[in-house]
Amino acid sequence: MRETKYWTWHMFAGVIILILLGIHMITMHLSTLLGWFNPAGGDAIGWDNLLARATLFIYAVVYIVLLGAALYHGLYGFRTILFELGLKKGAQKFINILFIAAGICLFAFGTWAATKFYIIAQGA
Amino acid sequence: MAKKIHKETDIVFHIRRYNPELDSKPLWKKYTVHVEPGMTVLDGLHQIRETQDASLSLRYSCRMGVCGSCGMLLNGRPSLACNTQILDITTKVLTVASLPNFDIIKDLVPDLTPLFEKHISTSPHIVRNDADEMLNPTGEFYQTPEELTRYLQFTYCIKCGLCMSACPTLATDPEYIGSQALPQAYRYNVDTRDDGFNLRKKIVGSTHGVFRCHYAGECSNVCPKGVDPARAIQLMKRELVLDYLKLKKHRAKSHICSKPEGVERIPEIPEAPPFTVEQK
C-alpha cells in the first residue's frame with residue numbers, strides 16, 4: 001500500500017503544479033491582457049509589481065506549496081527511474097532515506113527563503 | 001512495410017541460435033526456405049528442422065494460436081510463429097529470435113518460469129470469503145452480461161509471454177510483475193464473484209507492481225488475442241488509488257441462484273460423473 005500512497009500524492013502534486021504553474025504563466029506572460037497580481041500594470045517583473053506581489057501573504061503561500069509539490073513530484077519521479085535500474089533492496093532503502101532527507105532539507109530552506117522574502121517585503 | 005507477395009519464393013531465415021551449455025554467446029545462422037503463400041513461420045521452422053538442421057530447438061503445440069507456446073521475435077516484433085504468415089511480414093529476409101526479457105533455454109525456446117511465478121503470485125483465481133459455500137455449494141453464482149463484459153477480454157490471455165517480452169519496464173526491472181500477471185489480477189478483482197481485492201492489492205501495489213508501468217502500450221500492441229493489458233494496468237491503478245482514498249465504490253456481490261425446484265431432470269442429460277478425489 002505504500003506505493004499506492006506515494007503514487008496518489010504524486011498525482012495530487014502534479015495537479016497542484018499544473019494549477020500553480022498556470023497562475024505563474026498567466027502572471028508573467030499575460031500581464032498586459034489580464035493583469036493578475038500586477039497592480040502597477042505593464043511589465044510583470046517591474047519593481048512595483050514585484051513588490052506588490054511580495055507583500056501578498058497568498059503569494060508566499062503559493063511559493064511554498066509550489067515548492068513542496070514540485071519537490072515531491074520530481075523526487076518521486078527520479079526515484080522511479082532509479083528503481084528501474086534493478087537496484088537491490090538495500091540500495092532502494094538508501095535512496096528512500098536520502099530523497100526524504102534531501103526533500104525535507106530543500107523544502108525547509110525554500111520555506112525559510114520565501115518567508116524571509118515576505119517579511120522583508122512587508123518592511124519595504 | 002514490404003509489399004506482400006502472393007507467389008512461391010525463397011526466403012532467408014536468420015535464426016539466432018544459442019545453447020547455454022555450449023555457447024558463450026548467441027550466434028546467427030542463415031537458412032533458405034522455399035515458401036508458398038499461406039505458410040506460417042512455424043511451417044518454415046519445421047521445414048528447416050526436417051530438411052536442413054534437426055538441432056534447431058523450438059517450442060510449439062496447438063499450431064492455431066491457442067496454446068501460446070510458439071512465441072518468438074519475428075523481424076523484431078514479438079509474435080506467435082503459428083499464426084504469422086511468412087509472406088505477410090517479409091519478401092526476402094526473416095529474422096527469428098527467442099523472446100526478449102526471458103532467459104533462453106535453447107535457440108528459440110524462452111524460459112517462461114518468471115511469467116508463471118508472477119502469475120501465481122497474484123492469486124489468479126476466484127477468492128471468496130464464504131468458505132462454507134465454496135466447500136458445499138448450494139447453487140451457482142449469478143452474474144449479468146454487463147458484469148461479465150468488465151473482465152471478459154482479459155480472460156482471453158493465453159500466457160504466451162509476448163506482452164512481457166515487449167515491455168520496456170520489464171527490460172530494465174526483471175522483478176516488475178509485468179503485463180501478463182497484473183491484468184489477470186485485475187480480471188479477478190472486477191469479477192463480481194470474487195472477494196480477493198485486499199489479498200491482491202498487496203502484490204499489485206508493491207514496489208514492482210502497477211505503478212512501475214509507463215503506459216508504453218507495447219503489451220497491448222503485440223497481444224495475439226486482442227487483450228489490452230495496458231488498459232487493465234491503468235484501471236488497476238485507479239482501483240488502488242480509490243481504495244487508498246476510501247472512495248472505492250462498494251460492488252454488488254454475485255448472489256447465489258438456488259437450485260431449481262419442482263422440475264424433473266431431462267433423461268437424456270447424464271448425471272455428473274462421481275468425484276475422482278475423496279470428498280472431506
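About 1500 Å² is buried between chain A and chain B, and carbon and sulfur atoms give 59% of that area. Buried area here is the accessible area (1.4 Å probe) that two parts lose on being put together, summed over both. On the side of chain A, the residues A:M1, A:W7 and A:E84 supply 41% of the area buried against chain B, more than any other three residues. The model is predicted: local features need pLDDT of at least 70, side-chain atom pairs count only at pLDDT 80 or more, and totals for chains, interfaces and linings use all residues. Residues are numbered from 1 along each chain as its sequence is written, chains are lettered from A and ligands numbered from 1 in the order in which they are written, and side-chain values use heavy atoms, without hydrogens and water.

The contact (heavy atoms within 4.5 Å) takes 17 residues from chain A and 17 residues from chain B. Between the two chains there is 1 salt bridge. A salt bridge is a side-chain nitrogen of Lys or Arg within 4 Å of a carboxyl oxygen of Asp or Glu. The side chains of A:E3 and B:R212 form a salt bridge, at 3.5 Å from N to O. Helix 1 and helix 4 of chain A are the elements that give two or more residues to the side touching chain B. Helix 1 of chain A gives the largest share, 8 residues. Helices (H or I, at least four residues) are DSSP runs, numbered from the N terminus.

Rings of Phe, Tyr and Trp (its six-membered ring) pair if their centres lie within 6.5 Å; planes under 30 degrees apart count as stacked, over 60 as edge-to-face and the rest as tilted. A:W7 and B:F211 form a tilted pair, 5.2 Å centre to centre, with 35 degrees between the planes. A:W7 lies in helix 1 of chain A and B:F211 in the loop between helix 9 and helix 10 of chain B, so this pair joins two chains. Both residues, A:W7 and B:F211, are buried. Buried means under 20% relative accessible area, exposed over 50%, and partly exposed in between (1.4 Å probe, protein chains only).

A:Y59 and A:Y63 form an edge-to-face pair, 5.3 Å centre to centre, with 85 degrees between the planes. The two are 4 residues apart in helix 4 of chain A, so about one helical turn separates A:Y59 and A:Y63. A:Y59 is buried, at 6% relative accessible area. A:Y63 is partly exposed, at 40%.
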